[in-house]
Amino acid sequence: MLATLTIKNVVLIETLVIDFAKNLCALTGETGAGKSILLDSLGLALGARSDSGLIRRDADKAVVTASFDLAKTHSAFKILSSNDVEHEGDLILKRVLTSDGRSKAFINDQAVSVSLLKSIGQTLVEIHGQFDTYHLMDASNHVVMLDEYAGHGKQLVSLKSKWITWRDLKKALITAQETIEQARADEEYYRQSLEDLDSLSPESGEEEKLSRLRERLMRREQILTNLNESQISLGDIEELSGKVWRNFERLGEEGKLAVEAFSRMESEMQEVLSAIADVSHDVENSEFSLTEIDDRLFALKAQARKFECEIDALPAKRDEIAAALNAIENQDADLAQMMRDVEIAKEAYEGEAQALSVKRQKAGEKIAKLVMKELVPLKLDKARFEVAIETLDENQWNINGLDKVEFLIATNPGAQAGSFSKIASGGELSRFTLALKVILAETGIAPSLVFDEVDSGIGGATAAAVGERLAKLATHKQILVVTHSPQVAATAHSHWIVSKSGAKDVKTTITPLDSIAERQEEIARMLAGAEITPEARAAAMKLLEAHNNQKAA
């Protein structure tokens, strides 16, 4: 439960510490005293959207801290563990707003994201107010409320998975159908393109290879000239070697070493001449001519321009076109398999959704019966509440299943049930809403519930019945109710009065009413207004005694 709320520098509040109690806690006070500021402050601690306008005038920051006393098994601790946030003992949420518009969030003095703070806050406190009434009136929210009440969480996760699988397979099928349809239109173009590419047989890295060969061929004439000149020069050397040999023959035994060395030199010279001859032959008899290479490069570039890609990407483009043609040729088999996959996924989703529909029907009947019971003490015993569940057309099926769920009411016997907004008056709507909230709140995970002026538009015995409903709910939940109804305030187990003081420096304070006399005076004020009469005090005491007698009974 919410144990303590500490507020510093929020609007009219300078410093305020509230130690809450279990069961039903009432907050009362004149209009404009600052009750809404308390709820805004609590909302900040729970991760609500921040606004620098909430910072008290002349203050540089506002700080709100909410401390909770929870069972060790509460789901909030699982969320904290999964986010590596340490937790021991009480759970403390803190929010800091600075005048420059920045906001910081803390859990147990550890900095966290506001989104994590909000996730934790949603497991701790549910706030039901005027906006929440509008939320209930929106039929698109009713299926979510029904599922939350019935505990369909795990089945909804499974259903969501099956829905996504079915949806994705349908999208893939549509994409494949569109691709094949386009491929059929381009089939002749694809076949001619594949024929052209196969005829050309492009290879990866071919452009660079041809460019190097082209450069070499462009230098061929110069290479041949150099080789010819080298052969002529070496021929002169051969003629000279004949004269050298004749001179060596005259030397006899003394020239033996010189003859051997010259013989080796002459042998190597022959190797040089042979190498020159080989190079000359290779250059003169190249596999490609310069014209052939230029033609090849031109053809490759033309295909690259056609497909708007690099020359090196042509082999991949050829495979892509071949795959498209293969898809056309095998389209019937592929599409048939994809259609089977879609149908299998649809059947899996539909089966899960139909099973969920059966559970929703049972849960809807249960909620309707429980709400009807709640309507009797709220002076709506002639009214009727229904949970209408209709099967949607297939094109409207969605992640939540096949059902359209709507809460309907009829305020008069025999009248046709209709939507909240069209059937109920303001006071009736408040009572219907309260009855539904009481039922739905009993199954929620949040240990604390806040009701902001749920008694608006009602009074007398009906208001007393509202108080009794809240007191009943407070037997297993902590309930905080902001109220202008003395009948509701009288049913509270704990009572605080919110007031403001000061002319220039206006401040909001909150005071616990610990004694019966203090509570009697505040309830008398709520009954009588500015001037509290003895009759108002007597009526206030009667309300308190009636509630005490009910508790004793």
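Me: What is the volume of the largest cavity?
Reply: This model is predicted: local features need pLDDT of at least 70, side-chain atom pairs count only at pLDDT 80 or more, and totals for chains, interfaces and linings use all residues. Residues are numbered from 1 along each chain as its sequence is written, and side-chain values use heavy atoms, leaving out hydrogens and water. A cavity is a set of points, on a 1 Å grid over the protein atoms alone, where a 1.4 Å probe fits but cannot get out; points join across faces, edges and corners, and volume is the space filled by probe spheres set on them. The largest cavity comes to about 50 Å³.

Me: Is Asp147 buried or exposed?
Reply: Asp147 lies in helix α5 (residues 142-150). Beyond four places in sequence, its contacts (heavy atoms within 4.5 Å) are His152, Leu156, Leu356 and Arg360. The cut-offs are under 20% relative accessible area for buried and over 50% for exposed, with a 1.4 Å probe and protein chains only. Asp147 has 4% relative accessibility, so it counts as buried.

Me: How wide an arc do the buried residues of α12 cover around the axis?
Reply: The buried residues of α12 are Leu314, Lys317, Ile321, Ala324, Leu325 and Ile328. They sit on the same side of α12, because their arc, taken from the directions from the helix axis to the C-beta atoms, is only 95 degrees.

Methods:
Helices (H or I, at least four residues) and strands (E, at least two) are DSSP runs, numbered from the N terminus. On a 1 Å grid over the protein atoms alone, a cavity is a set of points where a 1.4 Å probe fits but cannot get out, and a pocket is an open set with protein on both sides within 12 Å along at least five of seven lines; lining residues have an atom within 4 Å of a point.
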